[in-house]
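Dear colleague,

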Amino acid sequence: MEHDFTFMGTAAGCGVPSFFCDCPACEEARANPRLARGDCGVMIRRAGAAAPGGSQPLSERDANVPTLMIDTPPDARHQLLREGVRWVDEILFTHCHFDHIGGLGEYEYLVALKRGGVKLPVFGTEETICGLRREFGYLDYVIDWNILQPGETHEFDGVRYTPLAVTHAPGTVGYLIETADTRLFYASDTADLPPETAERIRGVDVLAMDATFWKKNWNPRDHHSIQECIAEGLALGAKKLYLTHMCMHYDEPITYAELVAYLAQYDGRVEPAMDGLTFAI
């Protein structure tokens, strides 16, 4: 059974372009909306759903294809519409910072109107679930809250998801995602990985990891720079490395064109993740 992995959003919290910023990277994204980045989240969906943006309506099969989301960024509704998503079965959370949870309320009426009142299962560490319930307690009637501790594997639609501790706020995890063919580690927010996590993911087929800063890292306890992400990813032997959670204008701006030119030295092994980028796992 094949699945598709989709980057729903690939930016740090302020997005690209940021509404308050007129740096070259933000102006580039204003001029070319394909280069715009929303806040981070991903989707894992059974392969075969109708491509978004087509002229034909989704069939009932396509509308209800098994779908799991990781995080619910504030612009979740726009991301879901862009990808033609009509149905979500489960949500996993990495942590409870606003740029990763702000869109949870968008799912309320999926349950109320489409799931027949069957609660939507949501998973996260104890710290994350506590934070979510503080912010979204009014959603108790539509959300089934579940604690998933680091190292505890959860399976959905034939894919295994194992949260592993990362270096960020308390309770933050990345997810080791395993299918019959692919081992992928997704860690949108992290500084250097804890040794036990690094060893667990060594040699993964795909590593999608925090690359918030360009050059100077303003917050080395919680995030990577692009250069640090690449160094750690290559040292871990990742076969393919996607840079995500990018701001593009810390510490100095870098345009997408400049970034692609810089990454050419890695011969395709390292790429910037893009909103909507999808590949099979």
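With which residue does Asp 205 form a salt bridge? The partner is Lys 239, and the closest N and O atoms of the pair are 3.8 Å apart. Asp 205 lies in the loop between helix H7 (195-201) and strand E11 (206-210), and Lys 239 lies in the loop between helix H8 (226-235) and strand E12 (240-244), so this pair ties together parts that are 34 residues apart in sequence. Asp 205 is partly exposed, at 24% relative accessible area.

Please note that this is a predicted model, in which local features need pLDDT of at least 70 and side-chain atom pairs count only at pLDDT 80 or more, while totals for chains, interfaces and linings use all residues. Residues are numbered from 1 along each chain as its sequence is written, and side-chain values use heavy atoms, with hydrogens and water left out.

The terms are used as follows. A salt bridge is a side-chain nitrogen of Lys or Arg within 4 Å of a carboxyl oxygen of Asp or Glu. Buried means under 20% relative accessible area, exposed over 50%, and partly exposed in between (1.4 Å probe, protein chains only). Helices (H or I, at least four residues) and strands (E, at least two) are DSSP runs, numbered from the N terminus.

The search of the whole structure finds eleven salt bridges. Among them, Lys 240 pairs with Glu 271, with closest N and O atoms 2.5 Å apart. Lys 240 belongs to strand E12 and Glu 271 to strand E13 (residues 270-272), so the pair ties together parts 31 residues apart in sequence. Lys 240 is buried at 18% relative accessibility, whereas Glu 271 is partly exposed at 29%.

Yours sincerely
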